[in-house]
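Hi,

Here is the structure I promised to pass on.

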Amino acid sequence: MKSYQKLTTAVPQPASCQLEEEGSAPAPAGRGKLAPCWVGSGLLVAAVLLSTVTVWVLRQVSRGWPGPALPPKCLLVPESYRFDCYPERHVVVTQELCESRGCCFIESPPPAGGKRGVPWCFYPPDFPSYTLESLNQTALGMVGLLVRREKAYYPQDIKTLRLDVEFETDTRLHIKITDAASPRYEVPLEVPRAMKRAENPIYSLDFSRDPFGLLLRRRATGTVLLNTTVAPLIFADQFLQIATSLPSRFLYGLGEHRGSLLHSLDWNTLTLWARDVPPTESFNLYGAHPFYLLMEEGGDAHGVFLLNSNAMEVALQPAPGLTWRTIGGVLDFYIFLGPDPNMVIQQYQQVIGFPAMPPLWALGFHLCRWGYGSSNETWQTVRAMRNYQIPQDAQWNDIDYMDGYRDFTFDPQNFASLPSLVEDLHKHGQHYVMILDPGISRTSPNGSYWPFDEALRRGLFLNTTKGQPLIGQVWPGLTAFADFSNPDTHQWWLENLQRFHAHVPFDGLWIDMNEPSNFMDGSEEGCPPGELDSPPYTPAVLGDSLSAKTVCASAKQKASVHYNLHNLYGLMEAKATASALIQIRGKRPLVISRSTFPSQGRYSGHWLGDNRSQWKDMYYSIPGLLSFSLFGIPLVGADICGFSGSTSEELCTRWMQLGAFYPFARNHNTQNEKAQDPTVFSPAARTAMKDVLLIRYSLLPFLYTLFHRAHLQGDTVARPLFFEFPRDVATLGLDRQFLWGRSLLVTPVLEPEVDSVTGYLPKGVWYDFYTGSSVNSSGEMLKMSAPLDHLNLHVREGAILPTQPYSTHLFEPQKPGTTSKATQGNPLRLIVALSSSDTAWGDLFWDDGESLDTFERGSYSYLVFNVTQNIFTSTILHASTEATEVTIDTLSIFGVREPPSKVLLNGQEKPFSYLDNKVLTVSDLGLSLSQGFSLRWL
């Protein structure tokens with residue numbers, strides 16, 4: 001059942017302005033200028049606008065002219081280019097309010113559904129901004145002085161700013177604007193320091209002197225990537241704003257939000273302020289990631305990162321344009337020039353840090369629920385999974401294991417057998433993960449709860465402005481909050497975990513509620529009056545207050561006030577937690593965190609929070625995990641089958657199929673809902689779930705190698721299609737499919753009551769993963785058969801995938817290998833997907849799966865596989881002892897056009913099979929992974 005349908009690929013784009021080529025040398029000091037083309041384009045725009053004004057005037061006359069005449073300069077600004085001068089929410093913006101700010105006021109019809117539309121109050125072209133007074137060369141770039149002659153409309157306007165420009169690499173530009181006279185809070189993130197100026201940058205930078213503006217363009221195409229002259233720069237103590245035009249409308253990133261992967265630029269505001277709320281469209285969610293990736297016309301890509309941790313919003317508009325608004329810190333931008341999207345993400349991670357290499361068991365299947373009720377009930381689920389021989393690497397517990405919901409305790413009645421359960425898991429090669437919250441109970445009598453008493457004694461909690469521990473409320477009742485910005489808190493955290501590990505030897509940690517979440521707004525005493533808790537401008541945060549369901553912004557921490565550090569709370573806890581796990585276990589840590597910030601991938605993975613058991617939630621998980629791939633956190637997934645609400649058998653089956661291809665695969669459920677682990681469903685559904693998990697486990701060598709590449713150089717693991725096909729505009733909005741690496745395409749069913757799915761196959765040859773049959777696509781939508789027990793997987797031409805098929809004879813007698821550890825000894829099957837030119841390439845990274853720094857210490861094997869001219873070669877680039885224990889048993893070669901007459905392995909003839917669908921299989925090779933070989937078919 002195949003039906004092809006051509007996609008419409010014509011996408012209207014605003015024409016990019018071509019700047020005058022100036023060579024690699026920047027403009028001389030103090031002589032920055034707009035290139036001549038801006039004058040030409042300005043005249044063209046003016047001509048177009050004149051007709052617009054005429055139409056508007058005629059319309060007003062026909063209605064009877066209302067009120068005073070508008071200044072012509074206001075009428076000249078097209079609607080899509082109106083940058084908001086009065087972004088405050090819950091204010092009825094009147095003409096009087098608007099003009100008090102020196103801005104233009106034109107009413108326009110509000111959009112349907114209560115959404116924001118064209119701003120009524122917007123900046124005129126001559127709104128006062130900063131002037132670039134001087135610009136001087138430095139060893140790495142330039143330093144400039146910006147001066148504002150007229151005060152802007154927010155308090156504590158900073159009149160003199162310092163501009164630092166560093167040409168750090170040929171593909172990375174660093175631009176920083178800060179107070180020239182006084183130090184300001186800056187994010188305490190380790191970033192690389194450039195030692196010399198880039199010699200051949202693929203970008204050029206021009207300046208507008210008055211008003212100050214930056215114009216960044218790509219040399220090869222002339223595309224203008226940033227033009228900050230479109231709206232004034234504002235830099236007050238608690239309101240910093242800079243806007244830019246964009247070269248296209250294909251913008252991604254700016255998390256954490258729920259929505260499509262491709263952002264709408266239709267007057268869409270994205271708020272970044274960590275918040276505990278079930279994922280909901282348009283809300284600010286658990287983490288803050290001020291980074292965007294933009295696809296330019298023609299397939300080039302660039303990225304922009306604002307290193308700022310304060311409450312922030314990013315306003316998108318159809319010009320296309322973007323406005324950054326933040327309420328503290330500095331404007332510290334990194335721009336990454338790619339030029340392809342994979343390279344942009346690698347360059348971003350060169351600044352924030354590459355992700356940690358996870359242990360192999362972290363890539364297995366994880367099972368959890370809130371509401372097991374007891375350790376014995378948890379144990380029963382584990383035994384049921386074993387009984388049905390369903391793969392499972394880790395069992396988790398939610399807060400019900402705790403005694404009174406207090407950290408570092410377990411319920412002595414209902415979870416008395418927890419230590420025995422963990423011991424049993426370890427005997428079976430499985431692992432145990434438990435939840436921890438940062439809110440420390442203060443409800444116990446003095447001297448009876450060491451974690452609170454000791455933290456109080458050492459002064460390790462967030463404090464109020466009066467210097468006392470800030471008390472909020474979380475699961476155990478009244479709580480204080482650990483201050484992870486204090487290094488001493490990391491030591492206290494370690495000591496608590498060591499004490500608990502002596503009783504319950506956990507393997508990984510799940511850190512939740514770390515926005516930080518608070519059931520109160522602020523504290524039990526509320527929040528004090530003042531500019532931190534009630535700033536002059538509050539971004540569009542859920543709850544309309546910085547303290548909504550979290551702690552007071554004025555709370556004092558070791559490193560700064562919470563106003564500055566709020567968005568870093570989860571990152572700092574993850575850093576402490578990963579460090580503690582390494583010290584306790586001496587192995588690679590697994591930490592999964594709810595709140596995240598740039599560089600988090602160095603310490604933890606992420607799950608997408610408290611989703612619901614609904615079909616739309618399953619769909620939204622795909623843009624969610626792909627966004628976190630952009631953010632440098634590859635170990636990511638959603639709660640499979642949904643957290644809240646009751647799932648159905650069909651939904652859970654489809655979700656298990658999709659979830660088997662989340663980089664982090666965990667089924668998790670809330671309390672008071674029916675169980676949703678694979679064992680509770682019908683035999684047919686249970687078998688479908690088991691089968692797709694076995695496929696995941698067979699692909700662990702491939703997945704593990706992808707994580708190695710992420711750790712080594714910042715490759716993505718789960719990947720949007722446009723990363724591999726950036727010049728195919730049909731891929732730019734696709735977020736119902738995704739790739740593992742560059743070569744395995746996943747097309748899940750995301751709708752109920754269907755037995756087929758429509759997916760896009762980019763141009764080229766694609767092979768059915770299960771059969772090896774090929775589809776030669778010219779870039780088509782393809783309708784594929786998808787009965788309830790089938791997930792469509794396709795292998796891209798030119799790829800070689802290392803797999804470890806399910807085996808029943810290498811773990812225990814007559815028992816299947818249902819953990820990653822058991823699978824690790826199985827023989828390998830290499831799947832070769834020949835390209836149309838009969839070539840293929842792949843690689844394999846192999847180590848013991850858990851030791852620290854195996855690559856850095858050289859304790860690993862790395863193999864490269866290659867096919868040219870009917871010869872498959874395996875080349876060992878690095879070898880370790882682990883590799884001697886594994887064999888390559890089978891080669892399956894897809895796309896062999898003619899039946900071979902013979903197959904030679906290292907010159908010796910070998911038996912083979914060849915099927916009508918052009919699949920050549922050579923089995924029983926028995927080759928050690930530590931020896932190179934060649935196989936030829938004639």
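How many disulfides does a search of the whole structure find? Five, counting as a disulfide any pair of cysteine sulfur atoms within 2.5 Å. Before the details, some housekeeping: this is a predicted model, where local features need pLDDT of at least 70, side-chain atom pairs count only at pLDDT 80 or more, and totals for chains, interfaces and linings use all residues. Residues are numbered from 1 along each chain as its sequence is written, and side-chain values use heavy atoms, with hydrogens and water left out.

Disulfides

Let me go through some of them. Cys 85 and Cys 103 are bonded with their sulfur atoms 2.0 Å apart, and the link is right-handed, at 70 degrees about the S-S bond. Cys 85 sits in the loop between helix H2 (72–75) and helix H3 (95–100), while Cys 103 is in the loop between H3 and strand E2 (104–105), so the bond ties together parts 18 residues apart in sequence. (Helices are DSSP runs of H or I with at least four residues, strands are E runs of at least two, and both are numbered from the N terminus.) Both Cys 85 and Cys 103 are buried, where buried means under 20% relative accessible area, exposed over 50% and partly exposed in between, with a 1.4 Å probe and protein chains only.

Next come Cys 98 and Cys 121, whose sulfur atoms are 2.2 Å apart. This link is right-handed too, with 90 degrees about the S-S bond. Cys 98 belongs to helix H3 and Cys 121 to strand E3 (residues 121–122), 23 residues apart. Cys 98 counts as buried because its relative accessibility is 0%, and Cys 121 is buried at 2%.

Cys 527 and Cys 552 are also joined, S to S 2.1 Å, but here the link is left-handed, at -95 degrees. Both cysteines lie in the loop between strand E26 (508–511) and helix H9 (562–565), 25 residues apart. At 27% relative accessibility Cys 527 is partly exposed, whereas Cys 552, at 2%, is buried. As for Cys 368, that one is in no disulfide: the nearest cysteine sulfur, on Cys 641, is 13 Å away. Cys 368 is buried, at 2% relative accessibility.

Nonpolar cores

The largest nonpolar core has 239 residues, and Trp 324, Phe 661 and Phe 872 touch the most other members. By core I mean a set of buried Ala, Val, Leu, Ile, Met, Phe, Trp, Tyr and Cys residues joined through side-chain atoms within 4.5 Å. Leaving aside residues up to four places away in sequence, the contacts of Trp 324 (heavy atoms within 4.5 Å) include Leu 240, Ile 242, Tyr 292, Met 312, Glu 313 and Phe 333.

Strand E45

Finally, have a look at strand E45 (residues 887–894), where six of the eight residues are buried. Strands count as paired if DSSP finds at least two bridges between them. E45 pairs with these strands:

- E41 (residues 828–833): parallel, over six bridges, with Ile 831 partnering Ser 892 of E45.
- E49 (residues 919–922): antiparallel, over four bridges, with Leu 891 opposite Val 922.
- E50 (residues 927–928): antiparallel, over two bridges, with Ile 888 partnering Leu 927.

Cheers
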